[in-house]
Amino acid sequence: MVNVDAVTRREGQGPTPPSSPLSSSSSSSRSILPPITTLFVWDFDWTIVNCNSDEYVPSHFLGDAETESRLRDMIIARGHERWHECVSDLVNDCVAEFGLTLYDVLDAASSMPYLTDVRGAIEDVGRDITCGQAIISDGNDSFIGAFLTKNGMDAYFTHGVMTNMGRWDDNDQYVDEKVDEAVIGGGGGDAGDNTRVTSGKGKHVFRVVHQSSIYGGHTSAHCPPNLCKSQVLLDILDRTTETTNTTTKTTTSTRKGRPRVVYVGDGSNDACPALHVLNERDVLLARDGRRICNPNSMMGVQLDEEDDSALTGDEFGILPTIERRKKKEGARHPRCRVQTWNSGRQLRSLVRDILNEASS
Ligand SMILES: [Mg+2]
Ligand SMILES: [Zn+2]
């Protein structure tokens with residue numbers, strides 16, 4: 001595998017490659033995390049960034065229409081559960097067709113659009129020493145890491161960036177490894193390695209290893225094979241002790257349990273932890289309403305839309321998914337408090353209220 005840290009890069013040529021703690025999803029998943037009172041959990045696509053990273057990166061090179069057309073054809077042929085294999089192949093096609101290196105791809109990832117007040121909300125939480133923050137995303141740590149590093153945001157996520165693992169291989173080395181595997185009869189890879197290399201002409205080859213492979217898979221019927229956010233959140237909580245120090249004149253007592261969770265998300269796969277993990281003490285900040293149109297044409301910091309009528313994209317999926325599951329399966333309503341937001345301004349206001357109520 002290419003050691004991105006060891007490769008000498010020219011000044012100003014894109015983002016610094018992601019480093020620890022972004023690799024924590026694979027290397028230190030059982031480590032103990034700092035004790036806190038409140039854990040803020042952030043989804044990434046359409047929450048921290050105002051786009052879908054898996055679509056934004058190939059669109060940066062191919063354009064929206066071509067990306068949509070190629071992805072649609074691959075998904076129809078292979079099935080939606082092989083989403084990350086399709087995205088990897090599309091990225092490798094970009095690398096081959098445009099003569100890209102991995103740094104060109106990471107540079108594109110680092111330019112994803114984000115709302116200034118969403119970043120402000122993350123910074124507000126970061127100033128509160130009783131809180132920790134984590135990302136749970138079904139994107140990949142290569143794109144997410146490039147974005148966080150370029151924008152100076154990686155240090156805020158004290159409790160990890162838990163996502164699929166993006167891997168970059170040197171093409172020659174990668175082909176040799178695959179040949180060796182075939183010769184010894186070990187080809188095919190493990191269940192979590194959904195690599196396919198179709199282009200094979202680029203210097204670097206991208207693949208995505210499923211996050212769930214670090215747990216040996218998951219059993220949630222509602223979640224795609226790459227990731228169950230309930231599984232990940234329970235693991236983070238299992239490794240995080242709540243600190244609730246009560247000090248009187250003579251004694252200090254500490255209650256040990258799990259920290260309160262504030263979960264920020266927009267997608268249908270955020271419904272799983274909302275229904276199955278969050279309890280009465282917790283808060284779900286669910287993105288509601290519609291998305292902006294043409295998100296892939298935006299870059300970097302982005303102000304909220306002044307005019308709501310500009311929001312003509314698809315509806316955010318989390319609340320309709322929860323409603324659908326309640327109707328179809330009699331799933332329980334989330335036990336936690338549910339508050340909705342669409343703009344960064346609304347989200348930041350809700351986050352500030354939560355921080356204030358916790359400190360009063
Ligand atoms: Mg999302
Ligand atoms: Zn799940």
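This is a predicted model: local features need pLDDT of at least 70, side-chain atom pairs count only at pLDDT 80 or more; totals for chains, interfaces and linings use all residues.
Me: How many helices and strands does the chain have, and what makes a stretch count as one?
Reply: The chain has twelve helices and 13 strands. Both are DSSP runs, numbered from the N terminus: helices are H or I with at least four residues, and strands are E with at least two.

Me: What does isoleucine 318 touch?
Reply: Two residues are in contact if their C-beta atoms, placed from the backbone, lie within 7 Å. Leaving aside neighbours within four places in sequence, the contacts of isoleucine 318 include Gly265, Asp270, Ala271 and Ala286. Alanine 271 is 47 residues apart from isoleucine 318 along the chain, yet their C-alpha atoms are separated by 5.6 Å.

Me: Why are helix 2 and helix 3 called oblique?
Reply: Axes are lines fitted to C-alpha atoms, for helices over the stretch in contact, and angles run from 0 to 180 degrees between N-to-C directions. Under 35 degrees counts as roughly parallel, over 145 as roughly antiparallel, 65 to 115 as roughly perpendicular and the rest as oblique. The axes of helix 2 (residues 53–62) and helix 3 (residues 64–78) cross at roughly 125° and come within 7 Å. The two helices are therefore oblique to each other.

Me: Which residues of helix 2 and helix 3 meet?
Reply: Glu55, Pro58, Ser59 and Leu62 in helix 2 meet Asp64, Glu66 and Thr67 in helix 3. By class, this contact has two nonpolar, two polar and three charged residues. Here Ala, Val, Leu, Ile, Met, Phe, Trp, Tyr, Cys and Pro count as nonpolar, Asp, Glu, Lys and Arg as charged, and the others, Gly among them, as polar.

Me: How do you know that strand 5 and strand 6 pair?
Reply: Two strands pair if DSSP finds at least two bridges between them. Six bridges join strand 5 (residues 161–170) to strand 6, and the two run antiparallel. One of the partners is valine 205 in strand 6, bridged to aspartate 169.

Me: What makes strand 6 an edge strand?
Reply: The open sheet of seven strands has the order 6-5-4-2-10-11-13, with mixed pairing. Strand 6 and strand 13 (337–341) each have a single partner strand, so one side of each is left without a neighbour in the sheet.

Me: Why is strand 6 called largely enclosed?
Reply: Six of the six residues of strand 6 (residues 204–209) are buried, so the rest of the structure largely encloses this strand. His204, Phe206 and Val208 point one way, and Val205, Arg207 and Val209 the other.

Conventions:
Residues are numbered from 1 along each chain as its sequence is written. Chains are lettered from A and ligands numbered from 1 in the order in which they are written. A residue is buried if 20 or more other C-beta atoms lie within 10 Å of its own, exposed if 12 or fewer, and partly exposed in between; C-beta atoms are placed from the backbone.
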